[in-house]
Protein chains: 2
Amino acid sequence: MDRRGFLKAGTFAGIASTGAASRLSAAASPSGLEWLSSRPNLRADGTLRLSANENPLGISPGAREAVIEAITDANRYPGFRQKELISRLAARYDLRPENVYLGAGSTEILQMAVQALAASGRPLIVAEPTFEDVPGYRRPFPYRFVTVPLDFRYAHDLERMRDEVEKSNRPSVVYICNPNNPTGSITPSAEVDAWIHDAPESVFFIIDEAYYELVDDASYWSALGWVDRRRNVLVTRTFSKIFGMAGLRIGYGLAHEDTVARFKEFQSNNSTTQLSAAAALASLDDEEFVARSLESNRAARAVVHQTLDELRLGYLPSHTNFIMHEIQGDLRDYIARFREQGISVGRPFPPMLGYNRLSLGTEDEMERWAETIRSFRARGWT
Amino acid sequence: MDRRGFLKAGTFAGIASTGAASRLSAAASPSGLEWLSSRPNLRADGTLRLSANENPLGISPGAREAVIEAITDANRYPGFRQKELISRLAARYDLRPENVYLGAGSTEILQMAVQALAASGRPLIVAEPTFEDVPGYRRPFPYRFVTVPLDFRYAHDLERMRDEVEKSNRPSVVYICNPNNPTGSITPSAEVDAWIHDAPESVFFIIDEAYYELVDDASYWSALGWVDRRRNVLVTRTFSKIFGMAGLRIGYGLAHEDTVARFKEFQSNNSTTQLSAAAALASLDDEEFVARSLESNRAARAVVHQTLDELRLGYLPSHTNFIMHEIQGDLRDYIARFREQGISVGRPFPPMLGYNRLSLGTEDEMERWAETIRSFRARGWT
């Protein structure tokens with residue numbers, strides 16, 4: 001099996017073929033709460049957080065044990081454990097350690113790329129709307145910042161992005177968040193591949209796959225098959241989503257070794273912790289936890305879909321752990337009213353101000369959300 | 001008491017006046033090992049690490065508990081806990097939250113400053129030898145890099161550094177690591193203050209106080225009294241040293257609010273973890289652990305001094321948790337021979353190649369080091 005086939009087949013097909021996902025599902029209580037190492041409420045005011053695309057299950061039991069065990073090394077610089085994790089990731093993707101580097105979340109990997117590639121007047125081309133960190137990181141640099149609206153499918157409009165590169169006639173940086181945040185939509189991987197295939201090395205592709213593990217769609221696969229063949233492709237991944245480690249700040253980049261060496265000049269030394277690396281090592285092959293997270297996400301999504309259908313509110317097909325859905329009325333009012341009910345549901349993502357990005361909690365948590373939005377409808381609010 | 005007086009008096013004077021340090025010392029076993037949450041050996045080969053300026057006691061018992069408790073939030077982005085820590089630090093230093101920002105170790109704070117201040121041909125003036133991270137971070141930027149040898153006291157040669165600023169006749173960046181790594185020596189704070197007092201805002205001072213809490217010398221105090229009065233002073237601190245949290249990657253910067261806002265443009269979003277912030281919050285006011293760490297460090301230093309005196313090897317007065325001492329013969333041979341004995345003792349810090357930087361472990365660990373170096377002397381090696 002070639003790498004891309006392996007990767008696509010990898011976790012999901014492997015689980016599906018053994019029936020692990022459904023077996024786990026059957027074994028769980030309706031709420032799946034026995035798996036929660038997390039608590040929904042982070043603040044004294046008890047707010048339920050459905051706004052940050054976090055995994056409501058918490059970290060896996062194995063990761064929890066690994067963290068506790070690693071506390072004995074909390075006073076030691078984390079190089080040796082980082083090295084172990086890099087080796088494990090390299091082996092997993094059939095790459096060499098020189099192709100892998102860690103960051104405090106994949107956001108630090110994105111930042112290094114934005115910094116390393118910066119040049120006066122260089123186009124940085126992103127979709128609108130998309131994940132805000134890349135646009136944020138470019139601010140102090142003299143890029144020419146170009147936004148291209150998503151197309152009718154809410155996919156990246158790669159043709160228009162290509163036009164922008166060609167029009168500029170100079171080295172360019174293209175950011176493709178796939179699946180895209182905040183829309184949850186995918187850009188067909190064949191289209192991404194076609195552009196990378198045709199593009200000269202002067203076009204650099206940053207492919208953000210933060211939600212990769214959550215996608216189950218035949219038109220989608222990873223871009224990582226390119227990284228040992230091309231110097232102009234970076235793939236970023238994170239432990240924040242499927243592995244429930246958003247608070248542990250660890251992600252990674254996969255790229256050609258020359259590219260990794262170049263970007264690492266912008267790395268903060270030792271930015272990932274002993275405990276994060278230990279949790280990542282314990283999580284990486286935990287297929288049971290991955291299956292559990294996927295099942296929880298599907299169940300939560302079903303509650304939201306059913307509720308939105310009932311209320312006749314449209315939504316984008318979600319390939320992630322959040323759903324972009326229509327609202328009626330003013331978005332800021334909508335968000336404020338949920339907050340009054342103790343639920344944090346999102347923030348504005350211009351220009352999609354008729355939509356709210358709702359992060360998926362557990363099934364029970366989404367039932368609470370559903371009751372609340374139904375009560376809003378009863379009051380004529382949405 | 002004014003801020004500077006308070007800060008200087010702070011931890012040490014407070015402890016000394018209640019007799020806490022000596023009481024704790026008396027209560028401890030000779031080795032102090034009952035406090036160890038750490039293990040000396042990170043690798044399967046059992047190497048004793050006396051090379052990375054870590055606190056051999058591990059993190060405090062309170063920090064350990066806080067980490068375990070915070071695992072329930074490991075799936076949540078850490079903003080709320082970071083905010084709490086920033087508030088606590090601001091209150092501690094009689095500053096406002098706008099004057100405080102966090103990094104994945106103080107090294108990330110240093111990196112942001114180096115990046116934010118970069119300009120073509122701008123002098124970046126550092127001592128030689130000094131902490132390597134600032135020189136490292138400047139590499140991709142078009143600074144004019146200027147090194148100025150330490151003076152006869154192993155203090156920063158501030159007169160020569162001032163000359164370099166004046167000669168260049170342009171905005172400059174000055175890095176003062178105080179106490180200095182790898183020499184363990186201090187630069188008298190009155191001299192630093194005098195320069196800051198005289199300097200125009202076009203001279204930016206990065207004052208690295210990673211080892212601040214370990215100093216007990218009347219000529220030394222923090223530079224943080226400047227940060228709310230001048231836009232051109234940054235003070236960096238870390239939880240890696242006295243608090244034993246090198247593996248948890250958390251430090252902070254203190255500066256004028258305009259400066260903080262400017263430097264934060266280069267910050268990686270959410271780079272510190274839930275668990276690190278929890279450990280920091282639990283450690284900050286733990287005077288007992290600080291006193292224990294200082295006492296352990298003093299005892300370990302005494303073993304090293306006695307041994308070096310016995311072997312008639314010179315050393316620099318140490319104000320930190322490491323000692324820069326003379327060796328005889330080739331430094332690389334010396335380091336390799338220790339490694340053969342299972343002890344990692346340092347690395348070369350040019351141009352001081354007749355010296356080794358020895359990090360202080362526990363008293364027992366330093367006895368093992370002492371026996372080893374004595375055996376080398378018996379073989380005529382050093």
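In which sense, parallel or antiparallel, do strand β3 and strand β5 of chain B pair? In this predicted model, local features need pLDDT of at least 70, side-chain atom pairs count only at pLDDT 80 or more, and totals for chains, interfaces and linings use all residues. Residues are numbered from 1 along each chain as its sequence is written, while chains are lettered from A and ligands numbered from 1 in the order in which they are written.

Strand β3 (residues 123–128) and strand β5 (residues 172–177) of chain B pair in the parallel sense over two bridges; pairing requires at least two bridges found by DSSP. Strands (E, at least two residues) and helices (H or I, at least four) are DSSP runs numbered from the N terminus. Within this pair, B:L124 stands opposite B:V173 of β5(B).

Both strands belong to an open, seven-stranded sheet of mixed pairing in chain B, with the order β2-β8-β7-β6-β5-β3-β4. Because β2 (100–103) and β4 (144–149) of chain B each have a single partner strand, one side of each lacks a neighbour in the sheet.

Helix α5 (residues 106–117) of chain B packs on the sheet, touching β2, β5, β6, β7 and β8, and its direction makes about 155° with that of β7(B). Contact denotes C-beta atoms, placed from the backbone, within 7 Å; angles run from 0 to 180 degrees between N-to-C directions of lines fitted to C-alpha atoms, for helices over the stretch in contact. Helix α9 (residues 257–264) of chain B lies across β2, β7 and β8, running at about 135° to β8(B).

How values were computed. Contact = placed C-beta atoms within 7 Å.
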